[in-house]
Amino acid sequence: MTPPPGRATRTDALTNRARILAVAGEAFAATSGTSMTAIAKQAGVGVGTLYRHFPTREALIVELYHHEIQKVIDLAHTLAAELPPLDALRRWFEEVARYGKLKYGVSEVIHAATNGGLDDKNYEPFLAAIAVLLDAGAASGDLKPGTDPQDVLLQLSVLWRIPPGEGAEARAARILDLILDGLRTRPGGS
């Protein structure tokens, strides 16, 4: 919830909002059935404070989705600038897998809120983030040139279909290895 025009948001309100989002992210990654009351309690705020920031459970989930996916998008550019292309891509894929744990529990709400993805303002920036990493890898010769970011996104989408629990992280790591292996150049051609 944004403050009225001309009125700044108080520091404590910003702190509460950030704490609520952090707690909700952890809670929804663990189980989609977490109640708003439990989130408020874990965040150390009253239920009224939570509902002032997020009037519905769906509003909280959608805001959390936008917040988390923006962090993933921004990370692609940082990693591409700081690491060798294969390392950058691997680290980014690992962050996508972490994000996938959150999305697993709330994907129905996100799907409904974004009209099945058709109205998702994050779609193009997410594809652009993939392209940054693919282009860096192709330029270094480590990755196949001309790989379509949409194809990679389809492969990555399996990550938010992995149910949480024992073996989930190992399964995600194996899937990421398969995706990376498919993107690498091979001796004698791509």
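Helices (H or I, at least four residues) and strands (E, at least two) are DSSP runs, numbered from the N terminus. On this basis the chain has eight helices and zero strands. From the N terminus on, the order of elements is α-α-α-α-α-α-α-α. The model is predicted: local features need pLDDT of at least 70, side-chain atom pairs count only at pLDDT 80 or more, and totals for chains, interfaces and linings use all residues. Residues are numbered from 1 along each chain as its sequence is written, and side-chain values use heavy atoms, with hydrogens and water left out.

The chain has 190 residues, and 38% of them count as buried. Buried means under 20% relative accessible area, exposed over 50%, and partly exposed in between (1.4 Å probe, protein chains only). The accessible surface of the chain is about 10300 Å². Carbon and sulfur atoms hold 54% of that surface. Areas come from the Shrake-Rupley method with a 1.4 Å probe; for residues, only the protein chains shown count as cover. Contact means heavy atoms within 4.5 Å. Among contacts with a separation of 6 or more, 68% join residues 24 or more positions apart.

Two packed helices are described by the angle between their axes and the distance between the axes. Axes are lines fitted to C-alpha atoms, for helices over the stretch in contact, and angles run from 0 to 180 degrees between N-to-C directions. Angles under 35 degrees count as roughly parallel, over 145 as roughly antiparallel, 65 to 115 as roughly perpendicular and the rest as oblique.

Helix H1 (residues 11–30) packs on helix H2 (residues 36–43) at about 125°, with axes 9 Å apart. H1 is therefore oblique to H2. Their crossing is right-handed. A crossing is left-handed if the near helix is turned anticlockwise from the far one by less than a right angle, and right-handed if clockwise. From H1, Arg19, Ile20, Val23, Ala24, Ala27 and Phe28 meet Ile39, Gln42 and Ala43 of H2. By class, this contact of H1 with H2 has seven nonpolar, one polar and one charged residues. Ala, Val, Leu, Ile, Met, Phe, Trp, Tyr, Cys and Pro count as nonpolar, Asp, Glu, Lys and Arg as charged, and the others, Gly among them, as polar.

H1 also packs on H4, at about 90° and with axes 10 Å apart. This angle makes H1 roughly perpendicular to H4. H1 contributes Arg17, Ile20, Leu21, Ala24, Gly25 and Phe28, and H4 contributes Arg57, Leu60, Ile61, Glu63, Leu64 and His67. The contact of H1 with H4 divides into seven nonpolar, two polar and three charged residues.

Helix H4 (residues 57–82) packs on H6 at about 20°, with axes 9 Å apart. H4 and H6 are therefore roughly parallel to each other. The crossing of H4 and H6 is left-handed. Ile69, Val72, Ile73, Ala76, His77 and Ala80 of H4 meet Pro125, Phe126, Ala129, Val132 and Leu133 of H6.

Val72 lies in helix H4. Val72 counts as buried because its relative accessibility is 0%. Beyond four places in sequence, Val72 touches Trp92, Glu95, Val96, Tyr99 and Phe126. Val72 and Tyr99 are 27 residues apart in sequence, and their C-alpha atoms are 7.9 Å apart.

Ala136 is in helix H6 (residues 123–140). At 25% relative accessibility, Ala136 counts as partly exposed. Its C-alpha atom is 9.2 Å from that of Leu89, 47 residues away along the chain.
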